[in-house]
Amino acid sequence: MSFHNDSSSIASQRICFYGAGSMAEAIARGILSQELVPSKQISMINRSNKERQQELHLLYGVQTAMQGKTNEQYLQEADIIFLAMKPKDAVSALRELKPLLRPSQLIISVIAGLSIVGIQKLLGSDMAIVRTMPNTSSTIGLGVTGISYSDSVTEQQRFMTEMMFDSTGIYVVIEESMQDAITSITGSGPAYIYYMMEIMMKGAQKAGFTSEQAEQLVTQTVLGAATMVQQTKEQPAALRRKVSSPNGTTQAAIETMSAHGLEGALLAGIERCAERAAEIGRSIEEDI
Ligand SMILES: NC(=O)C1=CN([C@@H]2O[C@H](COP(=O)(O)OP(=O)(O)OC[C@H]3O[C@@H](n4cnc5c(N)ncnc54)[C@H](O)[C@@H]3O)[C@@H](O)[C@H]2O)C=CC1
Ligand SMILES: O=C(O)[C@@H]1CCC=N1
């Protein structure tokens with residue numbers, strides 16, 4: 001196995017995922033699939049779940065507390081630390097992290113709502129902080145990540161951050177003020193599509209298809225539609241017009257969905273999502 005190796009190379013970095021849940025796993029998979037860093041340089045730590053640690057070690061060859069070192073040692077020796085616990089666990093986890101840190105370490109948070117200033121209050125104002133909002137499609141290299149940097153992040157640290165998120169899909173560097181907005185589109189967005197798929201599958205079953213058939217039909221329809229937008233570069237509205245014959249079946253369906261308030265429901269949901277991200281951020285701030 002060969003690893004990328006240039007002057008600003010990431011290949012020698014030790015990366016610790018503090019919080020070994022689904023988001024940490026998705027990003028680690030991307031990094032490993034692009035061979036950016038050897039698996040033995042990646043550690044994934046959680047509080048106590050030994051089965052999860054064993055699973056991650058067996059699946060990816062990453063280090064956990066079951067491979068000899070303590071969580072504290074992995075955090076201390078890491079060059080890059082991903083903060084990947086739930087927002088409710090963040091304040092206590094970051095308080096435990098603070099005494100272990102060195103100023104040269106890069107901190108990358110994926111925690112919804114938690115601001116760069118909030119992280120700096122908890123970890124020290126001199127730390128280099130990256131706030132990100134990835135999504136779970138990173139698991140298969142089709143993720144979207146919004147990235148915002150604190151002033152203290154160096155050029156090389158930016159380069160390494162972007163290499164890592166590039167390995168999980170696409171990324172966009174955004175003002176931190178846009179983080180809640182991107183959460184409402186791409187962070188939570190996969191769930192909106194899954195929700196729609198669940199409903200379409202219910203419809204398919206109601207119409208007489210088996211659950212297996214419903215899943216296959218709906219999945220291919222969604223995959224085909226997203227790929228059409230991507231490959232033809234046509235606007236969704238233009239593609240929709242091509243599906244909709246005048247006074248035909250699609251028009252009847254869309255008019256009915258619209259009359260039932262689908263557009264308003266989706267837009268209200270997106271706004272509420274961003275609002276919730278801000279609320280989560282404020283409630284973390286109150287605990288700091
Ligand atoms: N799941 C998603 O689609 C996305 C999640 N996020 C953010 O990612 C973060 C993690 O989310 P998930 O991976 O879904 O959660 P998860 O519940 O799957 O994983 C969280 C992990 O953190 C560990 N943990 C909690 N406190 C800890 C501590 N003090 N020390 C060590 N480990 C600790 C837990 O044991 C668990 O393994 C959240 O803050 C969420 O806002 C961001 C983008 C998308
Ligand atoms: O639901 C959540 O809070 C997280 C953040 C974005 C996606 N999942």
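The structure is a predicted model, in which local features need pLDDT of at least 70 and side-chain atom pairs count only at pLDDT 80 or more, while totals for chains, interfaces and linings use all residues. Residues are numbered from 1 along each chain as its sequence is written, and chains are lettered from A and ligands numbered from 1 in the order in which they are written.

A first look takes in the whole chain. It holds 12 helices and 7 strands; these are DSSP runs numbered from the N terminus, with helices (H or I) of at least four residues and strands (E) of at least two. Along the principal axes, the C-alpha atoms fill a box of roughly 65 × 45 × 35 Å. Of the 288 residues, 33% count as buried. Here a residue is buried if 20 or more other C-beta atoms lie within 10 Å of its own, exposed if 12 or fewer, and partly exposed in between, with C-beta atoms placed from the backbone. Two residues are in contact if their C-beta atoms, placed in this way from the backbone, lie within 7 Å. Among contacts between residues at least 6 apart in sequence, 66% join residues at least 24 apart.

Strand S1 (residues 15–18) is a friendly place to start on the details. In a regular strand the side chains alternate between the two faces of the sheet. In S1, Ile15 and Phe17 point one way and Cys16 and Tyr18 the other way, and all of them are buried. S1 pairs in the parallel sense with strand S2 (residues 42–45) over 4 bridges; two strands pair if DSSP finds at least two bridges between them. Within this pairing, cysteine 16 has serine 43 of S2 as its bridge partner.

An unreviewed UniProt entry lists "domain: Pyrroline-5-carboxylate reductase catalytic N-terminal" at residues 14–113. UniProt positions follow the numbering used here, feature names are shortened, and annotations may be inferred rather than shown by experiment. In the model, residues 14–113 are 41% helix and 16% strand, with end C-alpha atoms 26 Å apart. The unreviewed entry in UniProt also gives "domain: Pyrroline-5-carboxylate reductase dimerisation" for residues 176–279. That span is 83% helix and 0% strand, and its end C-alpha atoms lie 16 Å apart.

The ligands come next. A residue is near a ligand if its C-beta atom, placed from the backbone, lies within 6 Å of it. Around ligand 1 there are 25 residues, of which Gly19, Gly21, Met23, Asp89 and Ala112 come nearest. H1 and helix H4 (87–97) each supply at least two residues of this shell. By class, the shell around ligand 1 divides into 14 nonpolar, 8 polar and 3 charged residues; Ala, Val, Leu, Ile, Met, Phe, Trp, Tyr, Cys and Pro count as nonpolar, Asp, Glu, Lys and Arg as charged, and the others, Gly among them, as polar. Ligand 2 is surrounded by Ala112, Thr183, Gly187 and Ser188, a shell with 1 nonpolar, 3 polar and no charged residues.

Finally, some single residues deserve a mention. Glutamate 35, in the loop between H1 and S2, has a positive phi of about 55 degrees although it is not a glycine. Glutamate 35 counts as partly exposed because it has 14 C-beta neighbours inside 10 Å. Asparagine 247 has a positive phi of about 60 degrees, although it is not a glycine either. Asparagine 247 sits in the loop between helix H10 (236–243) and helix H11 (249–259), and it counts as exposed because it has 7 C-beta neighbours inside 10 Å.
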